[in-house]
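Subject: Structure handover

Hello,

Here is the structure for you to look at. Please open it next to this email.

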Amino acid sequence: MTTVKSDAGRVLVVGGFGAVGATVTAALEDWSPGRAVPAGRSRGVPVDVTDPGGLGRALDGLGDVAAVVLCVEPPDEGAARACVERGVHLVDVNATPRLLDGVAALHDRAVRTGATAVLSVGLAPGLTNLLAARAHEEVGGADRIDLTVLLGTGERHGADAVRWTVRSLAAPPGGARPARFALPGHGTRTAHPFPFSDQYALRAGLGVPDVTTRLCLDSRALTAALFGARRAGLGRAARHARVRRVLTAALGAVHPGGDGFAVRADAWRGGRHAAHALTGSAQSRVTGLVAAHAVRTALSGALPPGVHHIEGLPALAGLPETLAGEGALALHRPEV
């Protein structure tokens with residue numbers, strides 16, 4: 001099968017008109033005008049990822065696509081397979097472990113066609129993975145990593161992100177417990193276990209047996225109410241489709257806070273402890289910038305073929321500094 005050269009071709013941004021995709025498209029246009037091609041169900045190049053052959057037909061019809069940035073959640077790994085089989089690079093911003101595992105299973109096929117697929121792209125997963133890898137290295141190989149994520153409730157997120165949040169509330173919290181960490185600019189906060197995919201990827205990728213990601217919101221009252229409701233049975237109720245639809249509509253309509261975020265990664269090995277953190281605003285925009293930098297790096301030929309989570313790619317390890325230099329976020333070293 002003929003593969004696409006990294007230095008040629010356009011970038012198809014699936015979901016290119018949403019909060020994340022619009023940032024990806026704009027960044028690519030700044031770097032290389034005319035290269036980004038936004039796609040969606042009703043605008044731009046027509047692509048419906050719920051159609052099993054939809055993305056493949058779009059790629060064959062365009063003919064000169066070198067990379068795809070997937071900013072919407074497909075039902076399975078079919079969209080990724082369409083890219084890999086054609087030797088087209090993929091940057092996937094999805095955060096559902098089941099889907100990421102399905103894409104990871106395409107690794108050998110991607111190596112054969114010369115395609116690179118980058119997973120765990122965004123804020124969490126994404127920048128959390130990179131901070132965790134740094135802390136892990138500093139302690140000489142962690143036996144425990146804690147990730148803490150604070151999100152702003154004032155930001156309007158895409159429909160996929162809201163649906164993912166509601167599904168995650170329905171997931172059993174497991175054996176991890178809430179914990180308190182100091183977050184730059186937000187004080188010491190209580191965060192609650194939440195099934196971000198970074199914790200699963202890092203256990204395998206870094207070989208750390210104990211990794212937990214916790215979530216809090218900029219509103220202390222809303223954090224307490226949301227996780228109090230989960231303890232009272234909201235999670236079980238949200239397993240029903242009708243309840244999920246109601247919750248999705250409610251969370252999509254309520255925006256009581258700001259758009260600031262903070263993430264922190266702590267690693268321990270025996271008595272050694274290291275921590276890294278970052279803060280910023282507009283989570284969707286930062287996710288889009290991470291994806292844009294990842295696809296630009298893939299097109300440069302600096303990434304190996306195959307399927308890789310972001311923390312496994314040394315060429316992307318400096319993304320936090322890159323984004324800080326562009327004014328998208330600020331880096332911090334919390335006291336430990």
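Below are the notes on this structure.

This is a predicted model, in which local features need pLDDT of at least 70, side-chain atom pairs count only at pLDDT 80 or more, and totals for chains, interfaces and linings use all residues. Residues are numbered from 1 along each chain as its sequence is written, and side-chain values use heavy atoms, with hydrogens and water left out.

Overall picture

The protein chain holds 12 helices and 14 strands. Both are DSSP runs, numbered from the N terminus: helices are H or I with at least four residues, strands are E with at least two. Of the 336 residues, 52% count as buried. Buried means under 20% relative accessible area, exposed means over 50%, and partly exposed lies in between (1.4 Å probe, protein chains only). The accessible surface of the chain is about 14,000 Å², and carbon and sulfur atoms own 52% of that. Areas come from the Shrake-Rupley method with a 1.4 Å probe; for residues, only the protein chains shown count as cover. Take the contacts between residues at least 6 apart in sequence: 73% of them join residues at least 24 apart. Contact means heavy atoms within 4.5 Å.

The seven-stranded sheet

An open sheet of seven strands runs in the order E8-E9-E10-E7-E11-E12-E14, with mixed pairing. Two strands pair if DSSP finds at least two bridges between them. E8 (179-183) and E14 (329-332) stand at the edges; each has a single partner strand, so one side of each lacks a neighbour in the sheet. On average, neighbouring strands are turned by 25° against each other, direction ignored. Axes are lines fitted to C-alpha atoms, for helices over the stretch in contact, and angles run from 0 to 180 degrees between N-to-C directions.

Phe181 faces Arg189 in E9. Helix H6 (residues 123-138) packs on the sheet. H6 touches E7 (144-151), E11 (260-269), E12 (272-281) and E14, and its direction makes about 150° with that of E12.

Helix H8

Which residues of H8 (residues 198-206) are buried? They are Asp198, Gln199, Ala201 and Leu202. These cover an arc of only 160° around the axis, which puts them on the same side of H8. The arc is that of the directions from the helix axis to the C-beta atoms. Their cover includes H6, E7, E10 (211-217) and E13 (306-309). Just after H8, Gly207 has a positive phi of about 70°.

Strands E4 and E5

E4 (residues 65-70) and E5 (residues 89-92) run parallel, joined by four bridges. Val68 stands opposite Leu90. His89 and Val91 point one way from E5, Leu90 and Asp92 the other way, and all are buried.

Two single residues

Thr23 sits in helix H1 (residues 19-31). Thr23 counts as buried because its relative accessibility is 15%. A polar atom of its side chain lies 3.4 Å from the backbone oxygen of Ala19. Beyond its neighbours within four places in sequence, Thr23 is in contact with Arg285, Gly288 and Leu289.

Ala229 belongs to helix H9 (residues 220-237). Ala229 is partly exposed, at 27% relative accessible area. Its C-alpha atom is 9.8 Å from that of Leu169, 60 residues apart along the chain.

Regards

Notes:
Polar contact = N/O pair within 3.5 Å; in protein donor to acceptor, adjacent residues only side chain to side chain.
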